[in-house]
Amino acid sequence: VIADRREGIGVCGWILVSLSFLLVVITFPISIWACIKVIREYERAVVFRLGRILSKKAKGPGLILILPCTDTFIKVDLRTVTCKIPPQEILTKDAVTTQVDGVVYYRIHSAVSAVANVTDVHSATFLLAQTTLRNILGTQSLAQLLAGREEIAHSIQAILDSATEQWGIKVARVEIKDVRIPVAMQRAMAAEAEAAREARAKVVAAEGEMNASKALKQASMVLAESPAGLQLRYLQTLTTLAAENNSTIVFPLPINMLESLGQKNRGG
């Protein structure tokens with residue numbers, strides 16, 4: 001971390017700066033083209049004067065002036081960077097091997113910290129994202145990994161954001177793209193899901209039969225109280241059969257006739 005020191009550049013430093021400024025004045029206006037630099041809207045320039053960061057803050061956007069002999073500068077892009085995490089071999093909490101890849105969106109909010117506190121801020125963020133992804137997913141079971149992607153992504157984002165704060169990085173978003181599991185595990189999960197669906201289907205069919213039997217019992221009790229209603233139901237059934245198969249010849253026979261024949265047989 002950059003120390004907030006107030007020491008100047010020293011007597012020798014001021015002498016070199018004065019000579020550099022004098023050289024610019026002598027060679028003016030040719031030297032002005034080497035002193036003026038253009039910084040775009042999405043960029044910032046960290047200026048070093050004799051090895052020290054000038055004013056402890058970044059310059060830009062727009063035109064900036066530097067001394068050609070004593071000053072150097074580094075441009076820093078402040079736009080959001082998309083970091084694609086390649087598939088990682090991860091052993092979950094329940095000992096299942098998976099391959100998980102993701103995407104990290106981040107940007108630099110402090111150009112001075114990004115230049116002075118880390119050698120390569122983008123490479124460091126990329127490697128840290130890979131390590132954090134492996135560490136977080138290694139503590140989750142396969143079911144938690146498949147069902148809780150959003151919560152896991154928020155956890156990874158919080159850890160990355162706190163770890164990269166001293167690098168001048170702000171992690172905007174983390175997304176888990178894909179979770180790949182072995183083919184054998186996919187088949188086992190498919191068989192388990194199919195068995196669960198069949199079990200639910202059998203339960204629903206059994207409940208339907210139970211409800212149908214209750215309804216038939218109630219209908220039979222109602223028909224038993226009304227012989228005419230039973231005959232009408234018999235005729236309706238015959239009509240339905242005749243409509244479904246036109247080649248069938250149906251001879252309706254009143255139920256009362258059958259009852260009268262039964263009574264004569266018993267009387268004889």
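In the predicted model, helix H4 (residues 121-137) packs against helix H6 (residues 149-163) at an angle of about 135°, and the axes of the two helices lie 10 Å apart. Angles over 145 degrees count as roughly antiparallel and those from 65 to 115 as roughly perpendicular, so H4 and H6 are classed as oblique to each other. The crossing of H4 and H6 is right-handed. On the H4 side, the residues in contact are Leu128, Ala129, Thr132, Leu133, Ile136 and Leu137. These residues meet Ile152, Ile156, Ile159, Leu160 and Ala163 of H6. By class, 10 of the residues in this contact are nonpolar and one is polar, with no charged residues.

Two backbone features occur in loops between strands. The peptide bond from Gly60 to Pro61 is cis, with omega near 0°. Pro61 belongs to the loop that runs between strand E3 (52-53) and strand E4 (62-65). In the loop between strand E2 (43-49) and E3, Leu50 has a phi near 55°, which is a positive value in a residue other than glycine.

An unreviewed UniProt entry lists residues 12-34 under "transmembrane region". In the model, the chain over residues 12-34 is 78% helix and 0% strand.

The protein has a mean pLDDT of 81, and 82% of its residues reach 70 or more. Over residues 1-6, pLDDT stays under 50. For residues 1-6 the model has 10 contacts beyond four places in sequence.

Conventions
Residues numbered from 1 in each chain as written. Predicted model: local features only at pLDDT ≥ 70, side-chain atom pairs only at ≥ 80, totals over all residues. Heavy atoms only, no water. pLDDT = per-residue confidence, 0-100. Contact = heavy atoms within 4.5 Å. UniProt positions renumbered as here; feature names shortened; annotations may be inferred. Helix = DSSP H or I, 4+ residues; strand = E, 2+ residues; numbered from the N terminus. Axes fitted to C-alpha atoms, helices over the stretch in contact; angles between N-to-C directions. Parallel < 35°, antiparallel > 145°, perpendicular 65-115°, else oblique. Left-handed = near helix turned anticlockwise from the far one by under 90°. Nonpolar A, V, L, I, M, F, W, Y, C, P; charged D, E, K, R; others polar.
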